[in-house]
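Subject: A structure for you to explore

Hi there,

Here is the structure I promised to pass on to you. Have a look around it first, and then read my notes below.

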Amino acid sequence: MRWLAVALIFGATGIFVGIKIDSFRKGPGAGAGGADQRSTLDIVKEEGRVIIGIGQEAAPFGYRDKDELVGFDADIARAVASRLESYVGRKIEVVFRPVTDETRISWVQSGEVHLSLCHTNITRKRLANIDFTVPYGWDGKGVLYDLRKGRRNLDDFAGKVIGIKRSSSSEGEIKACFAARGWAMPELRQFDSHIAGIQAVVDGQIDGFTDDDSIIICTAMKAGHKVGPGGILAVTGTPYSPAYFGIGVRKNDSAWRDVLNYCLHDLWSSGEYKKIHAKWFGPDSICPMPLEDHQMEPFVKG
Amino acid sequence: MSFMEMLHTLLWGYPLPSEMVDPRYPLFLQQLGGLWLALTITGFSFLFGGPLALVLALCRYDRHGASLVGQPGTKLDRRAISFLATAVVEGFQSIPIMILVLMAFYLPFRLLGLRLPAIVMAVAVFSIYNGVYLSGIIRLGLSAVETGWLDAARTLGLSTWQVLWRIRLPIAMRAMLPAVLGQAITVFKDTSVLAVVAVGELTYTARQVQVSQPANYGLLLLLVLLIYWSVAAAGSVLVSRLDAAWRKRLAGQ
């Protein structure tokens, strides 16, 4: 009897909430809902403020250095926000709202944050729930190796010993990459933390260690091992699992997404983007990752 | 970052940068962090959850006639109320706290357009969570009181409410004390799930410190462990003192 009561009450609530959310899923302008159905651009224009979701738990993207919020994502967010005013046509107050890996997508969906920068890879699965601007950054997986033994490329690690972090996605990805190219399979050795694997490379116990470039480089640099020219460590050039970061925006809200894209275009054409990139990924930064042939040329002509 | 700086950060959280201040809410609602935020949320969850728990416990039908709200046949039918209270308690008890937290930080805005400071939502969700579990403890405590005493009190002419407030609750209180302490420590530890919605309590602060101090990870974990442990230890010392004082007072009378 009591379970009947529970089922009745929660079932009714669930159906009600479900219908509300369903009407919202269809995006701005479809059906009624509690949250605002207008374009985020109109909301920002009316409220005179923009709420930016930002990650605080990953260096060098967004983290705390003493009392300041610093990082590549944070600087891009500030630069984009400073250019928003000219497109929205009024003074905009900026509020940063911390998001985590669990909330960076869902809070964009609900409108809790107007845009989110949390080193979010643009994937098809995520595109089913939110939309992304043009990429503002990229990452990929390379192999960290000892530069004292000479420069190496990915194919030099065929049949060698490569360290990976336990239960990371690198295991499947590097195997698939080597199999696709017909190279001899490397022997994979698991480590509990990035720093343990990096130390093993420095000590010569393994030939290389692999994970996201930004993570391994940043962890190695923070542990005091310089990566890149002039250091003892380096990362192979072409990533085997490239990924692009985009700014997350609500689905089917092209008015708002366009404005953010224009802001990113402006950053690129004015050279501000390169300055920010050099600050976080330049040769003397905490995460030296060259721009190489990455292009972010905006399609603004015509 | 020195040891003392790390400890200070864990106790107080990172200071709020001006960019993160939402000018629509009072500043003190946004500034708290670290251990103190975890303790504040626990404290408020008892302040708001306690009364909720008492109401829920009293509403629930008890074979020994514990239910005091509503009488059969009157407008407030006792069985219907008990039915509802049971549904609320058992319904919420069957939802993991992580899901409750994710819902609390998502649904109010999505359904009603309600944008609230994080600490308000955290206190709300932990008050409900705490209240639901606390109601079970109160219910058991109330039924632990011997019926003979209650009959005696009633014979003396005390009303139903007087029996509850003067006799039943004070006696039940002592029986409930250890269980309530256990509940308090559980709630305090569970505030760590707020890290998934970026509420800057102890666990989230530790995650932030770890990013800027990867080399000191071991020390950081040890510090966090010690902080959680010392709060639990302090709580249990407090309760045993309280219990001893109570015993003394009773013996003195």
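Before we start, one definition: helices here are DSSP runs of H or I with at least four residues, strands are runs of E with at least two, and both are numbered from the N terminus. Please also keep in mind that this is a predicted model.

Is Glu19(B) buried or exposed, or something in between? A residue is buried with 20 or more other C-beta atoms within 10 Å of its own, and exposed with 12 or fewer. Glu19(B) has 16 such neighbours inside 10 Å, so it counts as partly exposed. Setting aside neighbours within four places in sequence, Glu19(B) is in contact with Leu69(A), Val94(A) and Phe96(A).

That brings us to the two chains together. In total, 27 residues of chain B are in contact with 38 residues of chain A. On the chain B side, the elements giving two or more residues are α4 (78–93), α6 (107–112) and α10 (202–212). Sorted by class, this side of chain B has 17 nonpolar, five polar and five charged residues.

Now for chain B itself. It has 11 helices and zero strands. Its C-alpha trace spans about 70 × 50 × 30 Å along the principal axes, and buried residues make up 32% of its 253 residues. If you take the contacts in chain B between residues at least 6 apart in sequence, 69% of them join residues at least 24 apart.

Two packed helices are described by the angle between their axes and the distance between the axes. Here the angle is about 45° and the axes are 6 Å apart. That angle makes α3(B) oblique to α7(B), and the crossing is right-handed. Among the residues making the contact are Phe44(B), Gly49(B) and Leu52(B) from α3(B), together with Phe126(B), Gly131(B) and Arg139(B) from α7(B). By class, this contact has 15 nonpolar, seven polar and one charged residues.

Chain A gives you a sheet to explore. It is an open sheet of five strands in the order β10-β9-β11-β8-β12, with mixed pairing. Which strands stand at the edges? They are β10 (187–191) and β12 (233–235) of chain A; each has a single partner strand, so one side of each is left without a neighbour in the sheet. From one strand to the next, the twist averages 30°.

Follow β11 (residues 208–212) of chain A next: five of its five residues are buried. β11(A) pairs with β8 (residues 141–146) of chain A in the antiparallel sense over five bridges, and Tyr145(A) stands opposite Gly208(A). With β9 (residues 161–165) of chain A, β11(A) runs parallel, joined by three bridges, and Gly163(A) stands opposite Phe209(A).

The strand β8(A) also pairs with β12(A), antiparallel over three bridges, where Asp146(A) has Leu233(A) as its bridge partner. Finally, helix α7 (residues 194–202) of chain A packs on the sheet and touches β8, β9, β10, β11 and β12 of chain A, with its direction at about 145° to that of β11(A).

Enjoy exploring!

Best wishes

Methods:
Residues are numbered from 1 along each chain as its sequence is written. Chains are lettered from A and ligands numbered from 1 in the order in which they are written. This is a predicted model: local features need pLDDT of at least 70, side-chain atom pairs count only at pLDDT 80 or more; totals for chains, interfaces and linings use all residues. Two residues are in contact if their C-beta atoms, placed from the backbone, lie within 7 Å. Ala, Val, Leu, Ile, Met, Phe, Trp, Tyr, Cys and Pro count as nonpolar, Asp, Glu, Lys and Arg as charged, and the others, Gly among them, as polar. Axes are lines fitted to C-alpha atoms, for helices over the stretch in contact, and angles run from 0 to 180 degrees between N-to-C directions. Angles under 35 degrees count as roughly parallel, over 145 as roughly antiparallel, 65 to 115 as roughly perpendicular and the rest as oblique. A crossing is left-handed if the near helix is turned anticlockwise from the far one by less than a right angle, and right-handed if clockwise. Two strands pair if DSSP finds at least two bridges between them.
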